[in-house]
Amino acid sequence: MTSTLEAPEEPVTPAARRSPARPGRPRRLSLRDRLFLGVIVGVPLLALLIFVWLPALASFALSFTSWDGISLSDVDWIGWENYSEIFTNYPPFWPAVQHNVIWLLFTALLPTPFGIFLAYQLDRKIRFTRIYQTAIFLPMVLSLAVVGLIWEIIYNPDNGLLNGIIGAVSPGTHIDWLSDPDLNLWAVLVASAWRHTGYIMILYLAGLKGFDPALKEAAALDGANGRQTFLRVVFPALKPVNIVILVVTAMESLRAFDIVYVLGGGIGSKPGMELLSLLITDNIVGETSHIGYGSAIAVIMLLVSLTAICTFLVQNFRKDKEEE
Amino acid sequence: MTQQSRIPATGGPRRRSVVNGMMGVGAAALAGPALTACGGPPAGDPKSVTFGSNGADATPKKAYAAVTKAFTGKTELKVKTNTVDHDTFQKSISSYLQGTPDDTFTWFAGYRMQYFAEKKLAAPVDDVWETIGSGYSEAAKQLSKGTDGKYYFVPLYNYPWAVFYRKSVFKERGYTAPATWSQFVALAKKMKKDGLSPIASGYGGGDSWSILGAFDYLNLRANGYDFHMDLMHGGVAWSDKRMSRVLDLWREIAPYYQPGAGGRSWQDAAQSLLEKKSGMAVIGLFLGQQITDPALRDDIDFFPFPEIDPAHGMDSVEAPTDGFMLSRSPKNPEGARKFLEFLGSPEAENIYMGVDPSNVAVHSKADTSKYNALQKKSAELIGAAKHITQFSDRDSDPGFISTVVLPGLTQWLSHPDDGTATLKKIESQRARFFSG
């Protein structure tokens, strides 16, 4: 993110500094300096290659194999078979894609705007604002796994809080929040939204704190009402934060895993709650792993994420250029 | 995925979840390294043996501690036990065994043991069997052999699955234990009329494995042992019409399952049986781990899963066997073998069963005089059986069961229809798991 924002500045400064300094000599760095530079650039580069690109490429390669993950000699190259299997004959695949999309849309349309709304309200210095902030942000301090545990207690069909409140505990009226395939995804989404709202709120609040109040005053002088001030002045001026929030939302939706894993009982995908990330672990983790099959799903997920992120970044760059 | 989670009643679903939450979530990435990290003493320490245990819950943990202590007392070899949560242990077993595993580790008999033996991730223990072999029945020997005919496993105990109930409930209401399917269904119907949940059921969260007990028995009783094993080993199509029959039978009793089962843990379901809210439960003897009051234990009884087809009668009993294996290159091979020899002795079994009385010893010379009534009856049931099965996820590819069969069957069970679509869905995946 940061690189996007700072990008235009970079070429200016070093070039400007370099040219007047020593025009005649291309190599002004001593051997030690070059060594030092080599190390501080080389080590992270190596780490990036080893820990990011190598595994990514390896998964890509493995997605064309059938392998149990135990001995390398058992690797069996089967071409596109995994992919064709997944697309045509893997019952949980399309539900998982669908659920990932629902997850993205839900998170982008409900908790994210709600978080922004809360941030905007809390920024107006109402009374007890710190208490509200703390209360809303609190879930964010907890790991999603713990959030899952809390909601598991709420959703318990026999003695859970929710069924207790709505009186659905007697036989026949049981509502099985976490196992009914028509309900459980929404139950999990509510739990994840509970946490996501606080996250977005704090991000946006940070943006609002750095917002120039003079702009608001000017808007007020021009006769803008609250809604107009927000939509026409504050929101566009906070573009960097908005981008961060969008990326965070997209990322969180694509990588959604832990809360579903906990609420599903820690056994991977369950009917109604399939997600791509869960299908990957289903196939790779466990006693008999299907590394190739799992990798193929991982590659599909990687491509989906890259497409989403690239489109998004390209669009933003383009807009930036147009504005300049 | 699990055979049994072995979490005592006091904790209920929460404790289980905490364990899952703390350990399970990171399992994908962390468990492997974590397991190996706490694995071991410096290589080749001749005075100690390392032991990877999945008995993380209070009762088995205490029982294993007593066993290892007795071993140290006898041989002066120290045992370093590395205990890992039951579910996590299973999920990470593959990476655990490929890393630097403990010298010996707890595991299950049957297909799951054979899988790792075939992959050369475990060492054969034929020499151990030369010492302990005389104490075991032919069936136990078969269960301990890999596909290459070598021994890879030392059994400790097994426990039967059956239909459990409270004697006092049956007495009060005048029920009698059913022997045939029609009697069973009639009894369930009557219980429902009397305001009980006829069949206690909880397969929520990670407990969906618990429905497999009923599934195995339905298939064994309706189609027989040979068909069941064929099915488990991937040799028969799931869309076979004999399978539709199994789901049809299941559909008959589905209305008598305790409602809300999909959100309840097996422990909560067992509790409802103990509290007399449910009439029966298709479960393993490990149900006993839920009981703390000895008087209550005396009130529990079971009957074998009823007969469906007279041609097969009740000749098969589902009795999963737990025991130990030797890792592929133990750091202290001699010590580890000594330890396994001890684990395969009647003495070790007596010590274990003394702490954890909800299992039955496999060794024929184990002391059965201290058995409680349930254990005695269990031993008889297993002893009289013509065929002993392990459990779906031990007799078959566990990945197939946990990622294909279980989601399919649990989904079907919450809305039981004729099941054709479910069976087709399962069948479409079979080839991926049983290619060779």
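Helices (H or I, at least four residues) and strands (E, at least two) are DSSP runs, numbered from the N terminus. The model described here is predicted, so local features need pLDDT of at least 70 and side-chain atom pairs count only at pLDDT 80 or more, while totals for chains, interfaces and linings use all residues. Residues are numbered from 1 along each chain as its sequence is written, chains are lettered from A and ligands numbered from 1 in the order in which they are written, and side-chain values use heavy atoms, with hydrogens and water left out.

Of the 324 residues in chain A, 41% are buried, where buried means under 20% relative accessible area, exposed means over 50%, and partly exposed lies in between (1.4 Å probe, protein chains only). Contact means heavy atoms within 4.5 Å. Among the contacts in chain A with a separation of 6 or more, 63% join residues 24 or more positions apart.

Helix α12 (residues 226–237) of chain A packs against helix α13 (residues 239–254) of chain A at an angle of about 75 degrees, and their axes are 5 Å apart. Axes are lines fitted to C-alpha atoms, for helices over the stretch in contact, and angles run from 0 to 180 degrees between N-to-C directions. Angles under 35 degrees count as roughly parallel, over 145 as roughly antiparallel, 65 to 115 as roughly perpendicular and the rest as oblique. α12(A) and α13(A) are therefore roughly perpendicular to each other. On the α12(A) side, F235(A), P236(A) and A237(A) take part, and they meet K239(A), P240(A) and N242(A) of α13(A). The residues of this contact divide into 4 nonpolar, 1 polar and 1 charged. For this count, Ala, Val, Leu, Ile, Met, Phe, Trp, Tyr, Cys and Pro are nonpolar, Asp, Glu, Lys and Arg are charged, and the others, Gly among them, are polar.

Next come the nonpolar cores. A nonpolar core is a set of buried Ala, Val, Leu, Ile, Met, Phe, Trp, Tyr and Cys residues joined through side-chain atoms within 4.5 Å. In soluble globular proteins, nonpolar side chains tend to be buried together. The largest nonpolar core here has 114 residues, and F164(B), W238(B), W250(B) and M280(B) have the most contacts inside it. Helix α11 (residues 212–232) of chain B gives the most to this core, with 10 residues. Leaving aside neighbours within four places in sequence, F164(B) is in contact with residues including L273(B), M280(B), I283(B), F302(B) and L374(B). Apart from this core lies another, of 24 residues, among them F106(A), I259(A), Y261(A) and L278(A).

Helix α11 of chain B is also the place of D216(B). At 0% relative accessibility, D216(B) counts as buried. Leaving aside neighbours within four places in sequence, D216(B) is in contact with H228(B), E318(B), F391(B) and S392(B). The C-alpha atoms of D216(B) and A58(B), 158 residues apart along the chain, are separated by 29 Å. A further buried residue is H387(B), with a relative accessible area of 18%. H387(B) is found in strand β13 (residues 387–389) of chain B, and, with neighbours within four places in sequence left aside, H387(B) touches Y225(B), D315(B), S316(B) and V317(B).

Just after α6(B), K120(B) takes a positive phi of about 60 degrees, although K120(B) is not a glycine. Most residues other than glycine have a negative phi. K120(B) lies in the loop between α6 (111–118) and β4 (122–123) of chain B and is exposed, with a relative accessible area of 60%. K276(B), also not a glycine, has a positive phi of about 65 degrees. The loop between α13 (266–274) and β8 (278–284) of chain B holds K276(B), which is partly exposed at 31% relative accessibility.

The other helix is α20 (residues 420–433) of chain B, whose 14 residues should span 20 Å at 1.5 Å a residue; its end C-alpha atoms are 21 Å apart, which agrees. The expected span of a helix is 1.5 Å times one less than its number of residues. Buried residues in α20(B) include T422(B), L423(B), I426(B) and F433(B).
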